[in-house]
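Subject: Structure for you to look at

Hello,

Here is the structure I promised you. Please open it and keep it beside this email while you read.

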Amino acid sequence: MKRYSAFAIAREALRHHSGWQRAWRSPEPKSRYDVVIVGAGGHGLATAYYLGRRFGIKNVAVIEKGWLGGGNTGRNTTIIRSNYLQDPSAAIYEKSRSLYETLSQELNYNIMFSPRGVIMLAQTHHEVRGYQRTAHANALQGVTTEFISPRRVKELVPIINIDGPRYPVLGGLWQARGGTARHDAVAWGYARACSDMGMDIIQQCEVTGIRQTDGKVTGVSTTRGEIGCDKLGLVVAGHSGVLADMAGFRLPVESVALQALVSEPIKPCMDVVVMANTVHGYMSQSDKGEMVIGGGADGYNNYTQRGSFHHIEETVRALIETFPMISRLKMLRQWGGIVDMTGDRSPILSRTPLDGCFINCGWGTGGFKAIPGSGYGMAELMAKGYSPLTDAFGLERFREGRFIDESVAAGVAH
Ligand SMILES: Cc1cc2nc3c(=O)[nH]c(=O)nc-3n(C[C@H](O)[C@H](O)[C@H](O)COP(=O)(O)OP(=O)(O)OC[C@H]3O[C@@H](n4cnc5c(N)ncnc54)[C@H](O)[C@@H]3O)c2cc1C
């Protein structure tokens with residue numbers, strides 16, 4: 001694969017851009033692979049990438065029923081942060097955030113990582129106490145965050161109304177190296193690197209069954225034929241329950257729609273990400289100038305990639321009271337994704353009751369930020385059977401009552 005560089009742009013400009021290669025191949029599936037990953041979202045592709053890069057396992061297929069990155073990875077609002085409360089969460093999210101810092105260089109693909117800073121507003125005394133506690137926990141975990149005053153919030157976000165008609169801003173949890181990245185580019189960058197290592201990314205290929213013999217996985221049935229494998233990774237976010245059912249086990253996961261919307265583009269007016277969890281909304285400004293807006297998840301299970309109308313109203317109302325100037329903006333687009341929610345709002349990275357079958361799911365409303373760290377740990381789990389990053393996130397925690405409660409860090413906040 002030819003490297004992307006300033007020199008390559010200049011060279012191609014001189015020859016009418018006739019020399020660019022396809023970023024990834026579209027091969028026919030082989031009959032057998034060492035590892036099959038189901039789901040070409042960010043987590044599936046990152047898992048495949050680190051299997052090759054860290055462990056030399058390259059006879060790998062990533063199977064996708066639609067187009068790569070077309071699930072939640074291409075539908076999210078791209079917030080990256082690692083200010084979680086519990087130690088195992090801080091470890092995996094901070095690993096991920098730190099991998100994001102150099103991911104463009106590592107993949108030779110501009111993922112547009114923008115560490116512009118993330119504020120989670122504290123708008124009740126309960127939130128003040130909660131976020132001060134998180135800032136203390138983060139200090140012990142080596143994650144750099146601080147609890148800031150309302151005045152500092154206003155300095156960072158001049159367009160905010162800190163007096164609030166319902167909930168004044170009482171402070172905020174600030175992570176200066178949090179931010180955003182281009183979601184499609186993360187999927188595309190990993191896909192290109194996987195393809196370059198000889199892995200097969202097979203799009204428009206739905207897994208319809210999981211084959212097994214004597215309690216051990218042997219392969220998958222797909223709409224493009226049977227594919228054998230020694231190890232199988234299920235990385236399908238909102239469809240995890242469906243795939244687990246095919247494999248013969250149940251998951252403590254619910255699938256619900258989560259939606260986002262963007263405004264018309266306007267001049268730069270906000271250069272940090274702001275989350276207002278009490279009033280239920282968050283906002284950042286994209287490089288194109290659109291205000292990127294998200295709210296809460298639907299209150300009932302469903303598989304529609306739209307989300308319900310009353311949530312748009314609730315989210316926009318919340319943001320208008322936080323940023324009164326947006327009341328004059330037109331909204332351009334709205335969409336939804338199906339997120340996989342666990343009871344403790346922490347992910348599952350685990351072996352399963354089916355030997356050789358592993359699962360990576362439960363990232364709920366906040367897994368974009370975790371893509372590099374999750375792939376890094378999941379690859380180690382699949383290659384070696386153990387990873388310090390994923391150890392606490394096994395399925396058995398639900399049986400044993402060892403919950404990793406992140407309901408404060410991962411409610412509306414993404
Ligand atoms: C509106 C919205 C806003 C969000 N905002 C944020 C945010 O700001 N920050 C953040 O960190 N996270 C955010 N998230 C969450 C984040 O998007 C997800 O946690 C993350 O993208 C999950 O990635 P994934 O690779 O696990 O899943 P996906 O990207 O959904 O990939 C799973 C893939 O599996 C495929 N698949 C399913 N079934 C099959 C099958 N039978 N056969 C083959 N393929 C199959 C799907 O087609 C899909 O492409 C948001 C999510 C949404 C919906």
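First, a term: a helix here is a DSSP run of H or I with at least four residues, and helices are numbered from the N terminus. Keep in mind that this is a predicted model.

Start with helix H2, residues 42-55. H2 has 14 residues. From first C-alpha to last, H2 reaches 19 Å, close to the 20 Å expected at 1.5 Å a residue. Just after H2 comes Gly56, with a positive phi of about 70 degrees.

Is H2 mostly covered or mostly open? Mostly covered: eleven of its 14 residues are buried. Among them are Gly42, His43, Tyr49 and Tyr50. What do the buried residues of H2 pack against? Their partners include strand S1 (32-38), strand S2 (60-63) and helix H10 (371-384).

Now the nonpolar core. The largest one has 118 residues. Val36, Leu45, Val62 and Val274 have the most contacts inside it. Leu45 is also one of the buried residues of H2. Look at Val62 too: it touches Gly44, Leu45 and Ala48, as well as Cys194, Met199 and Ile201, among others.

Last, the ligand. Which of the 40 residues around the ligand come nearest? They are Gly39, Gly41, Gly71, Gly337 and Gly367. H2 gives two or more residues to this shell, and so do strand S12 (253-265) and strand S16 (331-342). By type, the shell divides into 14 nonpolar, 21 polar and five charged residues.

Best wishes

Conventions:
Residues are numbered from 1 along each chain as its sequence is written. This is a predicted model: local features need pLDDT of at least 70, side-chain atom pairs count only at pLDDT 80 or more; totals for chains, interfaces and linings use all residues. A residue is near a molecule or strand if its C-beta atom, placed from the backbone, lies within 6 Å of it. Ala, Val, Leu, Ile, Met, Phe, Trp, Tyr, Cys and Pro count as nonpolar, Asp, Glu, Lys and Arg as charged, and the others, Gly among them, as polar. A nonpolar core is a set of buried Ala, Val, Leu, Ile, Met, Phe, Trp, Tyr and Cys residues joined through C-beta atoms within 7 Å. A residue is buried if 20 or more other C-beta atoms lie within 10 Å of its own, exposed if 12 or fewer, and partly exposed in between; C-beta atoms are placed from the backbone. Two residues are in contact if their C-beta atoms, placed from the backbone, lie within 7 Å. The expected span of a helix is 1.5 Å times one less than its number of residues. Lists of a residue's contacts leave out its neighbours within four places in sequence.
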